[in-house]
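Dear colleague,

My notes on it follow directly after.

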Amino acid sequence: MTLPPLVEPAAELTKDEVARYSRHLIIPDVGMDGQKRLKNAKVLVVGAGGLGSPALLYLAAAGVGTLGVIDFDVVDESNLQRQVIHGQSDVGKPKVVSAAESVAEINPLITLNVHQEQLSTENARELFREYDLILDGTDNFATRYLVNDAAVLEGKPYVWGSIFRFEGQVSVFWEEAPNGQGLNYRDLYPEPPPPGMVPSCAEGGVLGVLCASIGSVMVTEAIKLITGIGEPLLGRLMVYDALEMSYRTVKIRKDPETKPITELIDYDAFCGVVSDAAQDAAAGHTITPRELKEKFDRGDDFALIDVREPHEFEIVRIPNSVLIPKDRILSGEALSELPQDKPIVLHCKSGGRSAEALAALHKAGFRDAVHVGGGVLGWARDVDPSLPTY
Amino acid sequence: MRARVNGTDHDFADDVTVRELLDDLGYDRPGVAAAMNGTVVPRVRWASTTVPDGAVLEVLTAVQGG
């Protein structure tokens, strides 16, 4: 179903603009009207990295009148394999500065707003308010849920893309879309995977050109939304597989039981964001609550250590677990209380603290220790829904 | 009954639910979406949705890279 154009047309195009955008102007579906809408559009790109690079370049070239870019990072040599908005001489520069220079060279007729900071719960809503449309090209789950929730709260549509190795996913989310078509990222993925379960591009790698494959679809969707042409990806998820060379789409429906988003939350806690050491420890040493249940059912001999605080242990616990709060493990004080003769399984509330404790155990020589991704909340959800959660 | 999951045919008990099917194959965890015959089944409906014979399922994992 087509959507009405997101942006009203600008009053006019200058002579220079007509010359520059002539290949758009002679497409009947775009024409003067569409190009004037692009001129009036304000689009924010979150992240000047892999997806942000082609997105910014093509949005600028297409004549989006006001572009914003937010990123706190600096250009690193390892970015250049895919982040084509930056070049060799930009290494060490803030990404937003390097991006601004490239955009100015591509199209001097547009305005670029530079936000050299990290998107946070403090600045996200205010920043989104200034724009018509947001493009999410960030590189971590915590920021992705922040982008989604802030967009929902501000009623803004956003184009979402994510990439890993040879695969990309793209969609358009807009909670307040007309005609009951509204939905958001949480309708597709209510929760992120447990920490350590899904590697980032930094850990798992990404084919550089995948950024162009997915970034170009994101820009196409942005142009369609702004000008009101074609069938937007709202309500559909596109999955691209570079090895098969296939694009598939599946329909997404509003999940009627998703809790409404009423405020921004602590996204690091929600996504179980942990230190690099904890992330390394968790990689390959994470079991699911159901796998824990299978260990119990098989009668495996192991020690289940709950690393939460005593008051949390009082609220809900996994049967046969022993409480040793995380800080006592990190300080080394409790290491002597741990069994030497059987494997250790750690858990906490949702998997963050147990990953930190796991890193300490691996360092102390308990090499085969694992932790439970999702923690006691995952256990309550997947194994014993009768348990209370908090 | 038989269902195709990510391109491979698998046999399941009749009246298997989406959740049981995903659990069988080790996919029942957060950060996973499942589409049946081209439409994503919301997670809250996994346990109450029966998979018909011949269904085509696609299991998708959330990725974070950008």
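Helices H13(A) and H17(A) are roughly perpendicular to each other (65 to 115 degrees). In this predicted model, the axes of H13 (residues 289-298) and H17 (residues 375-382) of chain A come within 8 Å and cross at roughly 75°; axes are lines fitted to C-alpha atoms over the stretch in contact, with angles from 0 to 180 degrees between N-to-C directions. Helices are DSSP runs (H or I, at least four residues) numbered from the N terminus. The contact (heavy atoms within 4.5 Å) involves A:Pro289, A:Arg290, A:Leu292, A:Lys293 and A:Phe296 of H13(A), and A:Gly375, A:Gly378, A:Trp379 and A:Asp382 of H17(A). Of these residues, four are nonpolar, two polar and three charged, with Gly counted as polar.

Helix H4 (residues 52-62) of chain A is largely enclosed by the rest of the structure, because nine of its 11 residues are buried (under 20% relative accessible area, 1.4 Å probe, protein chains only). Among them are A:Pro54, A:Leu56 and A:Leu59. Just after H4(A), A:Gly63 takes a positive phi of about 95°.

A polar atom of its side chain lies 3.0 Å from the backbone nitrogen of B:Thr17. B:Glu20 and B:Trp46 are 26 residues apart in sequence and 8.3 Å apart in space, C-alpha to C-alpha.

Residues are numbered from 1 along each chain as its sequence is written, and chains are lettered from A and ligands numbered from 1 in the order in which they are written. Local features need pLDDT of at least 70 and side-chain atom pairs count only at pLDDT 80 or more, while totals for chains, interfaces and linings use all residues; side-chain values use heavy atoms, leaving out hydrogens and water.

With kind regards

Methods: A polar contact is a pair of N or O atoms within 3.5 Å; within protein, one must be able to donate a hydrogen and the other to accept it, and residues adjacent in sequence count only if both atoms are side-chain atoms. Helices (H or I, at least four residues) and strands (E, at least two) are DSSP runs, numbered from the N terminus. Angles under 35 degrees count as roughly parallel, over 145 as roughly antiparallel, 65 to 115 as roughly perpendicular and the rest as oblique. Buried means under 20% relative accessible area, exposed over 50%, partly exposed in between (1.4 Å probe, protein chains only).
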